[in-house]
Amino acid sequence: MTGIEKKTAVITGAAGGIGQAISRLFVANGFRVVAGDADQVGLDRLEAELNRTGQNIWSKAGDLRNKAYCEDLIEYSVQATGRLGRARQQCRDYHEGQYPRDDR
């Protein structure tokens, strides 16, 4: 992955499993990661692991089924990293009962 330095990814389900593996991969490839999950303890462990070499990941615990949490996660990502990714559209679509679209 080249040309992705300084980009921000919002990753949900980041405290374990695939979300955790994706968070590690993105940080290893130069992304700033904003991690979301309902498991605050798991997010804390992930932050401790991935921030050993500097601030690479920020986290916010909550439930994606809650629209206010999705909005807070987006606002938090902007405050933490100065950037906004596609997560806003995906959260909005999720709450409108639609599947996220690929806008490329």
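User: What percentage of the 104 residues in the protein chain is buried?
Analyst: This is a predicted model, and every value discussed here is computed from it. A residue is called buried when its relative accessible area is under 20%. Of the 104 residues in the protein chain, the share that counts as buried is 33%.

User: Which pattern does the protein chain follow when it is read along the sequence?
Analyst: The secondary structure of the protein chain comes to four helices and three strands. Written in the order of the sequence, these elements give the pattern β-α-β-α-β-α-α.

User: Which residues of H2 are buried, and how are they arranged around the helix?
Analyst: The buried residues of helix H2 are Gly-42, Leu-43, Leu-46 and Leu-50. Looking down the axis of H2, these buried residues fall within an arc of 100°, so they line one face of the helix. On the other side of H2 sit Val-41 and Arg-45, which are exposed. What covers the buried residues includes strand E2 (32-37), E3 and helix H1 (17-28).

User: At the start of H2, which backbone nitrogen does a side-chain oxygen of Asp-39 reach?
Analyst: Here we look for a polar contact, for which the two atoms must lie within 3.5 Å. At the start of H2, a side-chain oxygen of Asp-39 comes to within 3.2 Å of a backbone nitrogen, and that nitrogen belongs to Val-41.

User: Is Asn-56 buried or exposed?
Analyst: Asn-56 is found in the loop between helix H2 (40-50) and strand E3 (57-61). Leaving aside residues up to four places away in sequence, Asn-56 touches several others, including Val-27, Phe-31 and Arg-32. A polar atom of the Asn-56 side chain also lies 2.7 Å from the backbone oxygen of Leu-50. Because the relative accessibility of Asn-56 is 17%, this residue counts as buried.

User: How many salt bridges does a search of the whole structure find, and which one links distant parts of the chain?
Analyst: The search of the whole structure finds two salt bridges. In one of them, Arg-24 pairs with Glu-49, and the closest N and O atoms are 2.8 Å apart.

User: Is Arg-65 exposed or buried?
Analyst: The side chain of Arg-65 meets that of Asp-63 in a salt bridge, with 2.9 Å from N to O. Asp-63 has a relative accessibility of 31% and therefore counts as partly exposed. For Arg-65 the relative accessibility is 64%, so this residue counts as exposed.

User: How are the rings of Phe-26 and Phe-31 paired: stacked, edge-to-face or tilted?
Analyst: A pair of aromatic rings is described by two quantities, the distance of the centres and the angle of the planes. The count of aromatic pairs comes to one. The ring centres of Phe-26 and Phe-31 are 4.5 Å apart and the planes stand at 35°, so the pair is tilted.

User: Which residue has its charged end over the ring of Tyr-76?
Analyst: For a charge to sit over a ring, one requirement is that it lies within 6 Å of the ring centre. At 5.8 Å from the centre of the Tyr-76 ring, the charged end that sits over this ring is that of Lys-60.

User: How far apart in space are Gly-82 and Thr-8, C-alpha to C-alpha?
Analyst: Gly-82 lies in the loop between helix H3 (67-81) and helix H4 (87-95), and with a relative accessible area of 61% it is exposed. Along the sequence, Gly-82 and Thr-8 are 74 residues apart, while from C-alpha to C-alpha their separation in space is 8.9 Å.

Technical notes
Residues numbered from 1 in each chain as written. Predicted model: local features only at pLDDT ≥ 70, side-chain atom pairs only at ≥ 80, totals over all residues. Heavy atoms only, no water. Helix = DSSP H or I, 4+ residues; strand = E, 2+ residues; numbered from the N terminus. Buried < 20%, exposed > 50% of the residue type's maximum accessible area, 1.4 Å probe, protein only. Polar contact = N/O pair within 3.5 Å; in protein donor to acceptor, adjacent residues only side chain to side chain. Contact = heavy atoms within 4.5 Å. Arc of directions from axis to C-beta. Phe/Tyr/Trp six-rings, centres within 6.5 Å; stacked < 30°, edge-to-face > 60°. Lys NZ or Arg CZ within 6 Å of the ring centre and 35° of its normal. Salt bridge = Lys/Arg side-chain N within 4 Å of Asp/Glu carboxyl O.
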